[in-house]
Structures are given as C-alpha cells and as structure tokens.
Amino acid sequence: MGKKTMISMAVVRRLPKYYRYLGELLRNDVERISSKELSERIGFTASQIRQDLNNFGDFGQQGYGYNVRALYEEIGKILGLNKHYNTVIVGAGNIGQAVANYTNFERLGFHLLGIFDRNPKLIGISIRDKVIQDVDNLEEFLRSNHVDIGIICVPKEQAQKIADIFVKCGIKAIWNFAPTDLNVPDDVIVENVHLSESLLTLSYRLNEAELFKEKIGR
Ligand code: NAI
C-alpha cells in the first residue's frame with residue numbers, strides 16, 4: 001500500500017496534523033470523510049488535501065470519501081509510529097521536566113529511558129518513574145542502552161557539547177530545544193523546536209493588519 005515516491009518535506013510537515021484529526025475522527029467512530037469535510041475541520045483546502053493524500057495511495061473514492069482508519073494507519077506508518085523509540089533528555093529544568101512529564105509521547109511510541117542533568121540539587125529526584133541522573137554518566141548510559149533520540153534541554157552554550165556526546169555514542173536523531181544551530185554529521189538528523197519563533201510569528205500576525213494599513217497610508 002502507498003506509492004513509493006519520496007514525499008516532500010512540506011507534505012511531511014502537514015502529516016502530524018492529518019494524523020491528529022484522523023485519530024479524533026476514529027475515536028468518534030467516523031469511518032469515511034470527504035476531502036471537503038476534512039478541509040472544514042483542518043483548515044487546508046480540499047484540493048491541497050487531495051493532493052497531499054494522493055501521495056500515499058488510493059484511500060479516497062470519488063463521492064465516497066476517505067477511509068479514515070486506512071489513512072490514519074498509513075500516515076502513522078509513514079511517520080514511523082508503528083515503531084518504538086527510546087529517548088533520553090539532557091537538561092532537567094523547565095523544558096526538560098515538561099517534556100518528561102508529557103505522557104502522550106509514550107502513547108505515540110517515544111519511551112523515555114533516562115533524564116540527565118548536572119545540577120546536584122536535581123540529581124536523584126524522580127520525574128514520573130525516572131530518577132534524574134548525573135550527566136557525567138550519560139556516555140556510559142548511552143553505550144549500554146539503545147537510544148534512538150537524544151533530547152537537548154540545556155542552555156544554548158551547553159547544547160553542542162551534549163550533541164557531541166550523542167553523536168559520539170551513535171545517536172542518529174536529536175530533538176533540540178536549545179536556541180542554537182548544532183553541528184552534526186550528515187547522517188544525524190536534528191529537529192529544532194523554537195517556541196519563541198512561533199511566538200514571534202504570532203506577534204507578527206497580530207500586528208499585520210496595522211502594518212498593512214501604515215503601508216497603504218491609512
Ligand atoms: P532551565 O535553566 O530551567 O534548565 C536547564 C537545565 O540544564 C538546568 O537544570 C541545568 O542544570 C541543566 N544543564 C546545564 N548545563 C548542563 C549540562 N552540560 N549537562 C546537563 N545538564 C545541564 O532552562 P529551561 O527554561 O528549561 O530551558 C532549557 C533550554 O531550552 C534553553 O536552551 C532555553 O533557551 C531553551 N528554551 C527553548 C524554548 C523553545 O522554544 N525551544 C523555550 C524556552 C526555553
């Protein structure tokens with residue numbers, strides 16, 4: 001099932017949203033949905049949805065709509081959610097603890113294996129069932145446990161150092177919350193999360209109308 005062509009990153013970035021909405025539909029026992037109805041819920045145009053979903057095979061039938069479960073499962077597979085991933089978090093401050101406490105990640109297949117910090121006041125404290133460990137033990141931990149994803153929640157000055165340890169120990173995917181660009185080899189994937197960029201976009205949009213008025217001199 002599914003066409004074997006590469007999917008563009010623009011489409012990939014929209015997939016989690018499809019996945020989330022289709023999951024909600026399934027929980028509400030909806031079996032089929034038209035691109036028009038999906039468009040009303042998601043906010044993408046119906047033609048965008050048809051184009052995107054065409055990438056994965058024939059889930060829609062003219063006049064009949066999409067098979068919600070089949071599409072949900074296929075998108076889940078494409079997102080790699082049929083697998084389980086072991087993760088570690090380095091930096092057990094505000095962000096690190098928030099990520100560790102978000103149990104929904106476990107449900108999606110991301111299993112938190114360990115959490116590390118360098119602050120003696122935090123080391124030994126438990127977050128959910130995980131005891132915060134000394135970051136000095138990180139390398140040894142990574143060598144004796146299979147970890148797929150390293151999560152960086154330290155201040156930006158410390159981020160590269162942690163990324164280097166991840167790379168040295170064979171981690172191929174980094175989820176980086178520190179506001180800095182990491183230098184990693186080509187075979188290591190970094191996904192940056194910048195809440196402040198999203199906030200600045202919101203601030204731009206809040207002021208957009210005013211800027212536009214100024215521009216046209218009203
Ligand atoms: P925080 O100060 O509460 O936590 C940072 C933790 O990292 C502290 O517990 C500290 O002891 C630990 N740490 C520092 N150096 C370390 C090292 N070498 N090894 C192990 N642990 C170390 O900071 P917060 O608010 O949790 O922010 C963490 C990072 O996330 C910062 O880089 C911050 O700029 C960034 N941030 C990112 C956001 C985003 O949108 N991605 C939003 C807010 C913060």
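Okay, a term to start with: a residue is near a molecule or strand if one of its heavy atoms lies within 4 Å of it. By that rule there are 24 residues around the ligand, and Ile95, Asp117, Val154, Val193 and Leu195 come nearest.

Quick housekeeping. What you have up there is a predicted model, with local features needing pLDDT of at least 70 and side-chain atom pairs counting only at pLDDT 80 or more, while totals for chains, interfaces and linings use all residues. Residues are numbered from 1 along each chain as its sequence is written, and side-chain values use heavy atoms, with hydrogens and water left out.

So, back to the ligand. Look at the backbone first. Val154 puts a backbone N or O atom 2.7 Å from a ligand oxygen, and for Ile95 a polar backbone atom sits 2.8 Å from an oxygen atom of the ligand. Lys156 also has a backbone N or O atom by a ligand oxygen, at 3.5 Å. On its own the ligand has 850 Å² of accessible area, and the protein covers 77% of that (Shrake-Rupley method, 1.4 Å probe; for residues, only the protein chains shown count as cover).

Which elements give two or more residues to the shell? Those are α5 (94-101), α8 (156-168) and α9 (195-215). Of these, α8 gives the most, with three residues. Sorted by class, the shell has 14 nonpolar, seven polar and three charged residues. For the classes, Ala, Val, Leu, Ile, Met, Phe, Trp, Tyr, Cys and Pro count as nonpolar, Asp, Glu, Lys and Arg as charged, and the others, Gly among them, as polar.

How many disulfides does the structure hold? Cys153 is in none, and its nearest cysteine sulfur, on Cys169, is 18 Å away. Buried or exposed? Cys153 has 12% relative accessibility, so it counts as buried, and Cys169, at 15%, counts as buried too. Buried here means under 20% relative accessible area, exposed over 50%, partly exposed in between (1.4 Å probe, protein chains only).

Last, the whole chain. There are nine helices and 10 strands, meaning DSSP runs numbered from the N terminus, with helices H or I of at least four residues and strands E of at least two. Its C-alpha trace spans about 60 × 55 × 35 Å along the principal axes. Of the 218 residues, 36% are buried. The accessible surface comes to about 13,800 Å², with 51% of it belonging to carbon and sulfur atoms.

That's my tour, thanks.

How values were computed. Disulfide = S-S within 2.5 Å. Polar contact = N/O pair within 3.5 Å; in protein donor to acceptor, adjacent residues only side chain to side chain.
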